[in-house]
2 protein chains.
Amino acid sequence: MCELLGMSANVPTDICFSFTGLMQRGGRTGPHRDGWGIAFYEGKGVREFRDPDPSCDSEIARLVQNYPIKSRIVISHIRQANAGRVCLENTHPFMRELWGRYWTFAHNGQLPGIRSKTLEHYVPVGTTDSEHAFCWLLDQIRERFPKPPKRQTTLWRFIHQCCEQLRELGVYNMLLSDSRSLICYCSTKLYWVTRRAPFTTAKLKDADVTIDFRQETSLQDIVSVIATEPLTHDEEWQRIKTGELQVFKRGQPC
Amino acid sequence: MCELLGMSANVPTDICFSFTGLMQRGGRTGPHRDGWGIAFYEGKGVREFRDPDPSCDSEIARLVQNYPIKSRIVISHIRQANAGRVCLENTHPFMRELWGRYWTFAHNGQLPGIRSKTLEHYVPVGTTDSEHAFCWLLDQIRERFPKPPKRQTTLWRFIHQCCEQLRELGVYNMLLSDSRSLICYCSTKLYWVTRRAPFTTAKLKDADVTIDFRQETSLQDIVSVIATEPLTHDEEWQRIKTGELQVFKRGQPC
């Protein structure tokens, strides 16, 4: 299994605090030693960092932890390999372009039998079941909507249906973004918390780090964090229900 | 105008020395202040770093300069914007997937009129003429070869023809890779040098750095470096002719 971390914010926000928690699970407090990756949206552009080495030892992970890259949408993943060997092309998040937007994707779970789903436009580069699922999902969207639908809810409803089909094959917890919203689907485990004024403090579960959000934020900031397991004590994390699609825009659940 | 830097090697090799030279031109010894990017292939996977800030000031560029990421194929670019504003989605190299391989692309030059070339499958995310040219090029390859041709020379010949068409629109110096080879096309300026035993020393033109390759290499290493302008004194850089396509594999020109 792997761990997912996502963020949606109404203003460019860094994810240093949450990423510090997650990267401990990459070989220190957790067994996810088989690589990690993170994608930051900046407008329509994406900045990606990835490494097949454990995040707790990674020089690049340290840069990401210490250098506050500000973004409105972030998707991150640490990997414990099951399907597909440990190598760069098998590290999440995966990225493809559709409709002139970069789509990024990370998955937690296993999907035996995913290769029975044939692919048309998008072809996996690596050998994971996850990347195959992502390519299939984008194929479905592309075929159903050669152009983006007028209403985003139409798109989300269709993606939800595709996720349900994928869940029939196994475990399918997903973070997906098209640079406009962060789309989360829960099969077994996915939690979220929204931080907004009045801000308080929170303590990481995985490292001896406490943050006082009052020092780090302005009153208008709204930030949602989504993770496989709650990352902090002293905050109330919501569980996304099995089979539920939860979309975040500008820091808030839609 | 922009500057290009590429590398092809027979064993995983770091590009710290050449990148140190290039990044000085990103705002210090050169005017290319409008972002930079670099893609490292590791097998079929790609590691990318990019920044819309000048490379000479960039924290991420410093990481790339100091942390020896080893790769067989590298494509890098520093930008002086002409078409397309300064933002993350307009920084090269650009990347798309075709045939289950990541293709990366960087361009130096201007292509007024490129938008008259219609696109089918790949759509630009940013607003540069370069990304439009890349999308068009991949469209052509995809249409002509729904599956990869048996002989790579067949592919290279076709890419050469496409480059000639692009050159008719303006200036088109290009670095392109499909993870197997580094494909270079020269419209106005592109130089290369191959380093192999017996190794000697070289001094950067843009920074007070000399390297003794004897200390850094083993006897079997073969590395070619391709750049818009020669990066070193004391080495004999070859000029690629106007209209010539030069492919490198495992460190050597083919």
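1. The largest cavity has a lining of 13 residues; Met95(A), Arg96(A), Glu97(A), Arg96(B) and Glu97(B) lie nearest its centre. A cavity here is a set of points, on a 1 Å grid over the protein atoms alone, where a 1.4 Å probe fits but cannot get out; lining residues have an atom within 4 Å of a point. The model is predicted: local features need pLDDT of at least 70, side-chain atom pairs count only at pLDDT 80 or more, and totals for chains, interfaces and linings use all residues. Residues are numbered from 1 along each chain as its sequence is written, chains are lettered from A in the order in which they are written, and side-chain values use heavy atoms, without hydrogens and water.

2. The lining comprises 6 nonpolar, 2 polar and 5 charged residues. Asp, Glu, Lys and Arg count as charged; Ala, Val, Leu, Ile, Met, Phe, Trp, Tyr, Cys and Pro as nonpolar; the others, Gly among them, as polar. Strand E5 (94-98) of chain A and strand E5 (94-98) of chain B each supply at least two lining residues. Strands are DSSP runs (E, at least two residues), numbered from the N terminus.

3. Chain B can be laid on chain A with an RMSD of 0.0 Å, by a turn of 180 degrees and a shift of 0.0 Å along the axis. The two copies are therefore related as by a two-fold rotation axis. Superposition is by least squares on C-alpha atoms of residues with pLDDT of at least 70 in both.

4. In chain A, 7 strands form an open antiparallel sheet, ordered E3-E2-E4-E1-E12-E9-E14. Its edge strands are E3 (45-51) and E14 (238-239), each pairing on one side only. Pairing requires at least two DSSP bridges.

Notes. On a 1 Å grid over the protein atoms alone, a cavity is a set of points where a 1.4 Å probe fits but cannot get out, and a pocket is an open set with protein on both sides within 12 Å along at least five of seven lines; lining residues have an atom within 4 Å of a point. Helices (H or I, at least four residues) and strands (E, at least two) are DSSP runs, numbered from the N terminus.
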